[in-house]
Amino acid sequence: MYVWMAQFVRASPPPATSLCFHPKLFSPFPRTRMAVNPTNTSPSFNSRKLPILLFDIMDTIVRDPFYHDVPAFFGMSLKELIECKHPTAWLEFENGVIDEDELEGKFFKDRRPFDLQGLKNCMRRGYSYIDGVEQLLLDLKQNNYEMHAFTNYPIWYRIIEDKLNISKYLSWTFCSCMYGKRKPDPDFYLAVVEHLKVDPASCIFVDDSLFAY
């Protein structure tokens, strides 16, 4: 698992080092932001606790069923599935460009029919918290950290939410299907800080893959 101080800057190089994520990275005491009241030059303090934590979801918080459960559902190996599935259909689904009916029509290169509801049920069964992560989220929540999902995933994130109730810990604020953008598109990172209205250095992004950088 990788943890970076978020650097949401266009064309900036990826970070050179990684840190193992551990709750002790964060102080139990809030950092405060100082603001100036335009009608009063005395400083005031915003009690919003920093840093804001941004979490990838799949294989960071939730087990991804794609690598084992989905090939088994189709009676294939992972290699066989990758070879015969459409090269961009799932990415388009993640970006919200196509809906699940369109995904069903083009999931495979040869457009063979398959049981879409069966696939959704398979994935639902496969979704589970990564060992230890739910307790970590609870600890962070109890310490009043603001947390958001920042993930490449389609509308099926609602299936994850329905099963695991992740929103009791964090908000599903930044999903690729909502923004039409995927990590590592710099515009997606910029949209995050614009929405949160904080400096990039006030965010920490947690992911299982360097690909997002």
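Residues are numbered from 1 along each chain as its sequence is written. In this predicted model, local features need pLDDT of at least 70, side-chain atom pairs count only at pLDDT 80 or more, totals for chains, interfaces and linings use all residues, and side-chain values use heavy atoms, with hydrogens and water left out.

Trainee: How many helices and strands does the protein have?
Mentor: Helices (H or I, at least four residues) and strands (E, at least two) are DSSP runs, numbered from the N terminus. For this protein the secondary structure comes to 9 helices and 7 strands.

Trainee: What share of the residues in the protein is buried?
Mentor: Buried means under 20% relative accessible area, exposed over 50%, and partly exposed in between, with a 1.4 Å probe and protein chains only. The protein has 213 residues, and the buried share is 45%.

Trainee: Which residues of helix 6 are buried, and where do they lie on the helix?
Mentor: Helix 6 spans residues 133–142, and its buried residues are Val133, Leu136, Leu137 and Leu140. Seen down the helix axis, they fall within an arc of 100° (taken from the directions from the axis to the C-beta atoms), so they line one face of the helix.

Trainee: Is Asn152 buried or exposed?
Mentor: Asn152 sits in the loop between strand 5 (147–151) and helix 7 (157–164). Its relative accessible area is 12%, so Asn152 is buried.

Trainee: Which residue has its backbone nitrogen 2.8 Å from a polar atom of the Asn152 side chain?
Mentor: Leaving aside neighbours within four places in sequence, Asn152 is in contact with Glu94, Ser176, Arg182, Lys183 and Phe188. The backbone nitrogen that lies 2.8 Å from a polar atom of the Asn152 side chain belongs to Lys183.

Trainee: Is Phe73 buried or partly exposed?
Mentor: Phe73 lies in helix 1 (residues 69–74). With a relative accessible area of 30%, Phe73 is partly exposed.

Trainee: What distance separates the C-alpha atoms of Phe73 and Met123?
Mentor: Leaving aside neighbours within four places in sequence, Phe73 is in contact with Asp115, Gly118, Leu119 and Cys122. Phe73 and Met123 are 50 residues apart along the chain, and their C-alpha atoms are separated by 9.4 Å.

Definitions and conventions. Polar contact = N/O pair within 3.5 Å; in protein donor to acceptor, adjacent residues only side chain to side chain. Contact = heavy atoms within 4.5 Å.
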